[in-house]
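Thanks, everyone, for making the time this morning. I would like to walk through a few features of the structure I have been looking at, and I will give the cut-offs as we go.

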Amino acid sequence: MKITILQRNIVWNNASLNVARADEAIDRNPGADLYVLPEMFSTGFCIHPEGIAESANSDTLQWMREKSKAINAAIAGSVAVEQDGKFYNRFYFVKPDGSVAHYDKKHLFTYGGEHKRFTAGDSRVIVEWCGVRILLEVCYDLRFPIWSRNHGDYDMILYVASWPTPRVGAWSALLVARAIENQCYVAGVNRVGTDPTCDYCGGSVIIDPYGKTIASCAMNEECEASAEVDMPMLEAFREKFPALNDADI
């Protein structure tokens, strides 16, 4: 499976423009099986979602469906969503057949006040695509290894984020840790640019099960990077060195 990560400079609260620019970025990088966008890629990260969050069947989700079908590839990314009077940081995974899986962010960023307006999810979500089982996670989830513990039920983790520049060292270190400890591929997709409260420098990467970076985006730039997920290699590594069998319960 070929995955392309899309490190974006998100224009604050301008969904139509951000979606249009994401569409162009995908077209510039044809041939992937999966395209991954950052956290709240259509609006920028918001802790006051009133007037910013989209409906559960928004134009952004409709674009993801139409684009996925048009290019015969999956598209993934997080969107601020309002549903039944509640707000969710919702990570969509859309397939070409129009099917949509979603994960609602479990660990809301209390330091920034996300928990005051958003509702936390309570379920891990794993999707299968091109023979790869993929765990969906959002930003702050990266700091909680028990939540992302591999129980032999996935092969790759996707982390989409709006991770600020002052803490980007932790972002980079924890992505490597999650890959090594879970014997899995990890793709971390962070944004660049600024919003009303933070500055972002990117650091988007794809990491193999040994903790080696196999693709990366330049810091402080909008760019894309791609890599192949090698399932035979992963399976051989886990068979040769079955550390997951000794994990604590």
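Let me begin with Leu 135, which is buried, at a relative accessible area of 0%, where buried means under 20%, exposed over 50% and partly exposed in between, with a 1.4 Å probe and protein chains only. Please keep in mind that this is a predicted model, in which local features need pLDDT of at least 70 and side-chain atom pairs count only at pLDDT 80 or more, while totals for chains, interfaces and linings use all residues. Residues are numbered from 1 along each chain as its sequence is written, and side-chain values use heavy atoms, with hydrogens and water left out.

Leu 135 sits in strand 8, residues 132-138, strands being DSSP runs of E with at least two residues and helices runs of H or I with at least four, numbered from the N terminus. Setting aside residues up to four places away in sequence, Leu 135 touches several others, including Arg 124, Ile 126, Tyr 154 and Leu 158, a contact being heavy atoms within 4.5 Å.

Turning to the cysteines, how many disulfides does the structure hold? The number is zero, a disulfide being a pair of cysteine sulfur atoms within 2.5 Å. For Cys 139, the closest cysteine sulfur, in Cys 198, is 9.9 Å away, which is too far for a bond. Cys 223 is likewise in no disulfide, and its nearest cysteine sulfur, that of Cys 217, is 3.6 Å away. Cys 139 is buried at 8% relative accessible area, and Cys 223 counts as buried at 13%.
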